[in-house]
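The following exercises concern the structure shown below.

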Amino acid sequence: MSGVFYTDTVTVYNRQEADYEETWYPTVLTKVALFPRQSSRFNSTGVQEAINAKLYVHHIGSGYVPPKAWRALADKSEKFTFDEGDFFVKGDTSSEDHTRDNFAEYMRGKYDYCYTVAGVDEFDIIPHLEVSGK
């Protein structure tokens, strides 16, 4: 999976909690494909809109490791994962102060294209990841 669609940049933020403290690890990914979409769902109170996204990442050489393997790493700065509680943002936002309190909430309030990881599918035939964001 390569070509003209892999022109986006995103920053992935992986969260680690230890001793009641949150640490965020940013990783900038280039040559990815981000497809934001807006959908509507109906419930008993009316229409509920949801902003969702699909992120496509080349798997080989990307530095990706599955969530349990990432949590077991002593040095998490060289690898990334897509796990519950993680999020990604369109563009290179790695210069943000990721040590601030309520960092994820701050980023969601500041950036339009900021998505919580909702799931990830890993494909081996044409090695890539498809990440769902909400």
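**Exercise 1.** Classify Tyr25 and Trp70 as buried, partly exposed or exposed, and then describe how the two rings are arranged.

*Solution.* The model is a predicted one.
Step 1. Tyr25 has a relative accessibility of 21% and therefore counts as partly exposed, since buried means under 20% and exposed over 50%.
Step 2. Trp70 has a relative accessible area of 2%, so this residue is buried.
Step 3. The ring centres of Tyr25 and Trp70 are 5.7 Å apart, and the planes stand at 80 degrees. Planes over 60 degrees apart count as edge-to-face, so this pair is edge-to-face.
Step 4. Tyr25 belongs to strand 2 (residues 21-43) and Trp70 to helix 1 (residues 67-72); the pair therefore ties together parts that are 45 residues apart in sequence.

**Exercise 2.** Determine whether the aromatic pair of Tyr64 and Phe82 is stacked or edge-to-face, and locate both residues in the chain.

*Solution.* 
Step 1. The distance from centre to centre is 6.2 Å, with 25 degrees between the planes of Tyr64 and Phe82.
Step 2. Planes under 30 degrees apart count as stacked, so the pair is stacked.
Step 3. Tyr64 is found in the loop between strand 3 (46-58) and helix 1, and Phe82 in the loop between helix 1 and strand 4 (87-90). The two residues are 18 residues apart, and the pair links distant parts of the chain.
Step 4. Tyr64 and Phe82 are both buried.

**Exercise 3.** Decide how the buried residues of helix 2 (residues 103-110) are placed around its axis.

*Solution.* 
Step 1. Phe103, Ala104 and Met107 are buried in helix 2.
Step 2. Viewed down the helix axis, the buried residues fall within an arc of 100 degrees, so they line one face of helix 2.
Step 3. Glu105 and Gly109, on the other side of helix 2, are exposed.

**Exercise 4.** Identify the residues that touch the most other members of the largest nonpolar core, and state which elements contribute two or more residues.

*Solution.* 
Step 1. The largest nonpolar core has 16 residues, of which Leu29, Leu55, Phe82 and Phe88 touch the most other members.
Step 2. Two or more residues of this core come from each of strand 1 (8-18), strand 2, strand 3, strand 5 (114-123) and strand 6 (128-133).
Step 3. Apart from this core lies another, of eight residues, including Tyr13, Val89, Ala104 and Cys114.
Step 4. As a general point, nonpolar side chains tend to be buried together in soluble globular proteins.

Terms used:
Residues are numbered from 1 along each chain as its sequence is written. This is a predicted model: local features need pLDDT of at least 70, side-chain atom pairs count only at pLDDT 80 or more; totals for chains, interfaces and linings use all residues. Side-chain values use heavy atoms; hydrogens and water are left out. Buried means under 20% relative accessible area, exposed over 50%, partly exposed in between (1.4 Å probe, protein chains only). Helices (H or I, at least four residues) and strands (E, at least two) are DSSP runs, numbered from the N terminus. The arc is that of the directions from the helix axis to the C-beta atoms. Rings of Phe, Tyr and Trp (its six-membered ring) pair if their centres lie within 6.5 Å; planes under 30 degrees apart count as stacked, over 60 as edge-to-face and the rest as tilted. A nonpolar core is a set of buried Ala, Val, Leu, Ile, Met, Phe, Trp, Tyr and Cys residues joined through side-chain atoms within 4.5 Å.
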